[in-house]
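Trainee: Could we go through this model together, with each term set against its definition before anything is concluded?

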Amino acid sequence: MAQALFDKIWDVHLVATRPDGRDLVYIDRHVLHELHAPHAFKKLAQAGRPVRRPDLTFSMQDHTVPTAPGRGDFTNAQSTPFLQAMREGSRQNGIRLFDIDDPEQGISHVVAPELGMVLPGATHAVPDSHACTVGGLGALAFGCGTTELEHILATQVIALKRPKRMRIRLDGALAPHVSAKDVALRVIGEVGVAGGRGHAVEYAGTAVEAMSIESRLTLCNLSIEMGARSGLVAPDEKTFAWIAGRPWAPQGAAWDTALAHWRTLASDSDAVFDREVMLHCSALEPQITWGTDPSQVVGISGRVPELAAPGQESAFRRTLDYMGLAPGMALAGLTVDRVFIGSCTNSRLPDLQAAAAVVRGRHVAERVIAMVVPGSSTVKREAEAVGLDKVFRAAGFFWGESGCSMCAGGNGDRGAAGERCVSTTNRNFEGRQGKGVRTHLASPASAAAAAIAGRIVDVRPMFAGGS
Amino acid sequence: MQPFTRLTGVAVPLLRDDINTDEIAPINRDLNPDWAALLFANTRKRADGSDDPEFPLNKPQFRRPSILITGRNFGCGSSREGAVWAMLATGFRCIVAASFADIYRENCLQNGLLPIELKGADAEAFAARVVATDGAAPFAVDLELQLISGPGGEAIAFDILPADRMRLLEGLDDIDFTLKHAQEIADWEKRMRSERPWLQSAQDARH
């Protein structure tokens, strides 16, 4: 019977079905972080349960790490207990820790792909909803809660009901300075924040085939923002070339064997999906959110809707009140107080390059606080090797140490009430970047443009004249 | 896990859609926080930091809540389980929603917080009864009979997967339940070591 790629990966990893009907799906790589893992370590210790496969488990310090240069355990007093509990729990359980001073530390969803821990056709779990990011390499990933994390540590399987399948076909060529972030936001705008609930998403189509691996990671990252726990792209030769030679990937003869298998990883041509969505991307312009969920998004030439959706009148008023906007207002031209470039969505080297291309030779507008936080210490080093830090610093940006930073503010990097912030992150929820902060989600290029102009602008004219 | 059989208590209306986990329990910067204090910590305050008297959980009749009634896609966003622990710490044992976000629903089941999906006319009728009652009398949720009863009308039947119902009724330890399959897990690992060795081995080639 014809199968979707999702089913092929699921079936290979299906260890057993419990009497309650849940499938036990084996987890090939399990990556932990310090905001949630310490609670699970404690519960495991209380129950006297060992970690079944510490050799397939990795620990990252990412959610609470300070971004200030010269950072340490005590830079942020509130982070100290998390960092120390993570270190101790990882040591006791024999888990490789990427500590705050490790040259390869960073956001788990950035580090695991760049070090070759994530492999096509493999399963991956992280106690973080953006685990879906690594689907960009053709892995099947699950974000999970703390009790599920404890369960995976003890058993190396996750107990799930098989989700439905959804395919999102993205065709057409993206216009210059329109990115995977813009595509993903548009998709969420079309299907809504619950449109992928109960589904595993496969992204396909010519626009996806043309995307770089980093762009596919961005695309898959936002799957959870439409409610889908997993999102993936079938791996291709571009994927294999990207993974080849990365330190934790298979090497030599093992690589050849794995590669032969990976080349079989695709949905059958007659595979049936429970839901199909199509979007033609050629005419897409840069996107920006106006509201307090990622589906409230328009093109940069767009306006806040005039009217609420039926039955959503009070939510619409509440949203506009929080965002300091009125029905029908244009997004372009709104004054910006803060810009954040980073997070598991948009903090890889090509993201920073896209932002730097806008910033080079220009300066951040007066009053605007602008930050760049690379997604990993590796990305930071690579960016510095090509001088991006100097471009950003010369323009007046803060250039930070890697971590999750202002995406959720778990390290204390937050804005002040009433500030309008253009952010390359994934959630514009009320209070997410600080109580009262008004977040507009956008691409790295659009965020950089907002920092320079001091207001929300279309980035494309900034490249006019061939610069 | 604490079993769930029958619950009688105050039902609180929070009739909005897409309430996310950042709102339910803002990210906490304390390793062992007061979970109850985190519940809707931002929403329940006004800009000046005082309690918003209009927010349901600040009203005197809802100070000891047991059941929440809300809209669709409750618990979307972050996977943080604190958004369930904060509900439990406040006394909630049941959430009635038009739908739940996938990860949040799993987190509820892991902690004995009963997630009931109620749609259409049943949901509207129940919401109207909860609003009309305004905390003056309790509602009851019976998981064995799959019924919600209380002031203002007949009992309302709800659906739940038999497996989820059994797990909540018995308060099963999920890890013990899975470890009954320990041999199958070991067999799978053994088979994969020969069939797909790259899955069963993670090594840094530089060391």
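Predicted model: local features only at pLDDT ≥ 70, side-chain atom pairs only at ≥ 80, totals over all residues.

Trainee: What makes the radius of gyration of chain A agree with that of a compact globule?

Mentor: The radius is taken over C-alpha atoms, and the globule rule is 2.2 Å times the number of residues to the power 0.38. For 467 residues the rule gives a value near 23 Å, and chain A has 21 Å, so the two agree. The C-alpha trace of chain A spans about 55 × 55 × 45 Å along its principal axes.

Trainee: Why is Glu401(A) called buried?

Mentor: A residue is buried if 20 or more other C-beta atoms, placed from the backbone, lie within 10 Å of its own, exposed if 12 or fewer do, and partly exposed in between. Glu401(A) has 21 such atoms within 10 Å, and therefore it is buried. By the same definition, buried residues make up 60% of the 467 residues in chain A.

Trainee: Where is Glu401(A) found, and with which residues is Glu401(A) in contact, leaving aside its neighbours within four places in sequence?

Mentor: Glu401(A) is in the loop between S17 and strand S18 (420–423) of chain A, where strands (E, at least two residues) and helices (H or I, at least four) are DSSP runs numbered from the N terminus. Two residues are in contact if their C-beta atoms, placed from the backbone, lie within 7 Å, and beyond those sequence neighbours Glu401(A) is in contact with Thr67(A), Ala68(A), Pro69(A) and Arg71(A). The C-alpha atoms of Glu401(A) and Pro374(A) are separated by 6.8 Å, although these residues are 27 apart along the chain.

Trainee: What makes S17 and S19 of chain A edge strands?

Mentor: Two strands pair if DSSP finds at least two bridges between them. The open sheet of 5 strands has the order S17-S16-S15-S18-S19 in chain A, with parallel pairing, and strand S17 (398–399) and strand S19 (438–441) each pair on one side only. Within this sheet, strand S15 (residues 338–341) and strand S16 (residues 369–372) of chain A are joined by 4 bridges, and Ile341(A) has Val372(A) as its bridge partner in S16(A).

Trainee: How do you know that both faces of strand S11 of chain A are covered?

Mentor: In S11 (residues 230–233), Ser230(A) and Leu232(A) on one side are buried, and so are Gly231(A) and Val233(A) on the other. Strand S10 (residues 199–204) of chain A pairs with S11(A) in the parallel sense over 4 bridges, with Tyr203(A) and Val233(A) as bridge partners.

Trainee: What counts as a nonpolar core, and which residues have the most contacts inside the largest one?

Mentor: A core is a set of buried Ala, Val, Leu, Ile, Met, Phe, Trp, Tyr and Cys residues joined through C-beta atoms within 7 Å. The largest has 199 residues, and those with the most contacts inside it are Val339(A), Ala355(A), Ala448(A), Ala450(A) and Val96(B). Helix H15 (residues 444–453) of chain A gives the most to this core, with 8 residues. Apart from neighbours within four places in sequence, Ala448(A) is in contact with Ile341(A), Ala355(A), Val358(A) and Val359(A).

Trainee: Where do the domain bounds of chain A come from, and how many residues does each domain give to the contact?

Mentor: The bounds come from an automatic or database domain assignment, which divides chain A into domain 1 (5–275) and domain 2 (303–461). Their centres, taken over C-alpha atoms, are separated by 24 Å, and the contact takes 36 residues from domain 1 and 31 residues from domain 2.

Trainee: Which element gives the largest share of the side of chain A that touches chain B?

Mentor: In total, 61 residues of chain A are in contact with 48 residues of chain B, and the largest share of the chain A side, 6 residues, comes from H5(A).

Technical notes
Residues numbered from 1 in each chain as written. Chains lettered and ligands numbered in written order.
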